[in-house]
Amino acid sequence: MTCFPVVCEVESVMLEMQDPKTGVKSQPQRLVITTIPHAITGEDIVAWLTNCYSIEAEEAWALGTMLVAFGYIYPLQDHKRLVIKPDASLYRFQTPYFWPAQQWPVEDTDYAIYLAKRNIRKKGTLELYEQVQYNSLHKWMNHKWDFIVMQAKEQYRAGKERKKPDRVVFDCQERAYWVVHRPPVRHTHYRNFEEYFYTHRQTRTINAKFTAAYSVTYNKHDPFLAPCLPSNPWVTDDVTYWLLNMANVEIPTKMRVERWTFSFGELLSDPRGRDDFRLFLKKEFSGENLAFWEACEDLKWGTAATMNDKAQTFLTRGAPRWINIDGKTMEVTVKGLKHPHRYVLDAAQTHIFMLMKKDSFGRYLKSPVFKDTQKRAICPDQHMFRSVLCVCESVVSTVEHVVCTVVTTVKLQLNAESQMAACPF
């Protein structure tokens with residue numbers, strides 16, 4: 001039996017499958033009344049895997065099903081069944097933008113916008129599991145639901161401007177991505193056992209896939225799985241690790257800089273990463289975006305007395321650090337400021353966050369600022385401490401020396417006492 005390609009080579013397998021000359025043959029296929037370009041059939045996928053890797057048909061089917069389950073290939077007809085059917089069922093290759101290797105963080109806001117857009121397109125007719133997720137997110141994110149619906153309407157209008165085949169393909173790609181990567185359902189009440197069972201079965205599958213992907217990404221950064229460099233201060237009493245990873249250290253470590261590339265959230269959660277990102281934004285004359293995001297975070301955990309000052313600084317037209325947000329978001333924010341609360345700027349903050357995430361973050365990772373920081377980052381060598389055997393031998397020798405010293409002292413005292421006893425005076 002020939003072994004399957006290892007998981008780290010899945011991307012190379014996908015590139016081979018899409019090769020125009022030697023890959024899986026694709027052709028336009030009619031789906032209802034729309035012609036879908038570059039469609040492939042399940043039987044062609046299984047046949048290609050069988051011939052290319054010299055494996056049995058059952059093994060090829062299992063490998064194809066794995067590619068579908070992880071989102072590299074998606075079905076055009078039965079979206080909910082993430083398996084390969086070895087027949088004339090239609091599939092397409094997922095665009096590399098949605099491949100798991102990109103490691104896009106799964107966020108509730110993005111999924112809520114997608115469900116709201118799908119709800120508009122389907123006029124309220126969602127799948128059972130989608131309706132459950134939609135209701136749950138609506139309750140949990142009620143404080144910024146107006147912003148979510150507004151973003152969904154804008155994306156829906158932009159989608160209608162595409163040609164119909166392109167629109168159908170993009171909808172299928174997006175739906176396939178969220179079928180695999182959608183976040184788990186938050187605690188809610190279910191109408192019947194069927195709804196509860198179906199939702200939790202899907203949630204367990206997604207959690208298992210997310211846990212596996214997370215473990216691969218953060219393997220070297222988990223102190224339980226990989227050693228701390230240069231050493232674990234709780235074990236060795238050496239505080240070098242803490243000094244190298246202080247909040248605003250001048251030169252960060254390579255491991256720390258590597259975490260910034262995992263997601264935009266990782267970058268913002270590190271004060272040193274924010275400083276580096278702030279330097280990049282200043283060179284692009286958009287530093288007010290990060291400043292506004294930080295001001296909103298301070299408002300959530302600080303005092304409400306600074307709310308008006310922050311609004312005057314960032315939201316008033318012509319203000320020194322005015323942020324450019326769309327009219328709908330500004331309207332929602334200004335309306336909320338009439339009855340201010342701790343989360344009144346959430347809609348504007350989310351808009352700026354998404355703007356930085358989808359626009360500035362990608363350019364930052366390719367910028368000279370990040371590359372210079374990455375080049376200067378240090379990689380400390382692991383401290384070499386003596387083995388347990390050497391330590392034990394040292395302790396034994398020390399104890400022997402102490403014992404010998406005590407015995408010698410006692411003998412001298414006994415000799416002195418005996419001499420004093422023998423002396424008549």
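Which residues does Thr350 touch, not counting residues up to four places away in sequence? In this predicted model, the partners of Thr350 on that count are Thr109, Lys144 and Phe147. Thr350 itself is found in helix α17, which spans residues 346–365. With a relative accessible area of 8%, Thr350 falls under the 20% limit and is therefore buried.

Within α16 (residues 327–337), the buried residues include Thr329, Met330 and Thr333. Viewed down the axis of α16, the buried residues fall within an arc of 100°, so they line one face of the helix. Among the elements that cover these buried residues are α6 and α17. The other side of α16 carries exposed residues, namely Gly327, Lys328, Glu331 and Lys335. Lys328 also takes part in a contact at the start of the helix, where a side-chain oxygen of Asp326 reaches to within 3.2 Å of the backbone nitrogen of Lys328.

A similar reading can be made for helix α15. In α15 (residues 307–314), Met307, Lys310, Ala311 and Phe314 are buried. These residues cover an arc of only 100° around the axis, which puts them on the same side of α15. What covers them includes α14 (287–301) and α16. Turned away from this buried side is a face with the exposed residues Asn308, Asp309 and Gln312.

Attention now turns to the nonpolar interior. In soluble globular proteins, nonpolar side chains tend to be buried together. The largest nonpolar core of the model holds 45 residues, and the members that touch the most other members are Met14, Met17, Ile45, Leu49, Ile73 and Ile148. Two or more residues come from each of α1 (10–17), α2 (42–53), α3 (57–69), β4 (90–93), α4 (108–121), α5 (128–140), α6 (145–160) and α7 (164–181). Helix α4 gives the largest share, with 6 residues. Domain 1 (5–98) and domain 2 (108–196) each supply at least three residues to this core. A second, separate core comprises 34 residues, including Leu268, Phe277, Ala291 and Phe353.

Strand β4 also has partners among the other strands. Both faces of β4 are covered, with Leu90 and Arg92 buried on one side and Tyr91 and Phe93 buried on the other. Strands β2 and β4 run antiparallel and are joined by 2 bridges, and Thr41 stands opposite Leu90 in β4. Strand β3 (residues 73–75) is likewise antiparallel to β4, here with 3 bridges. In this pairing, Ile73 stands opposite Phe93 in β4. Ile73 is also one of the core members that touch the most other members.

Pro37 lies in strand β2, residues 34–41, and is partly exposed, with a relative accessible area of 27%. Not counting residues up to four places away in sequence, Pro37 touches Pro28, Arg92 and Val169. Although Pro37 and Ser26 are 11 residues apart in sequence, their C-alpha atoms are 8.1 Å apart in space.

Key. Residues numbered from 1 in each chain as written. Predicted model: local features only at pLDDT ≥ 70, side-chain atom pairs only at ≥ 80, totals over all residues. Heavy atoms only, no water. Helix = DSSP H or I, 4+ residues; strand = E, 2+ residues; numbered from the N terminus. Buried < 20%, exposed > 50% of the residue type's maximum accessible area, 1.4 Å probe, protein only. Contact = heavy atoms within 4.5 Å. Core = buried A, V, L, I, M, F, W, Y, C linked by side-chain atoms within 4.5 Å. Domains from an automatic or database assignment. Arc of directions from axis to C-beta. Polar contact = N/O pair within 3.5 Å; in protein donor to acceptor, adjacent residues only side chain to side chain. Pairing = 2+ DSSP bridges.
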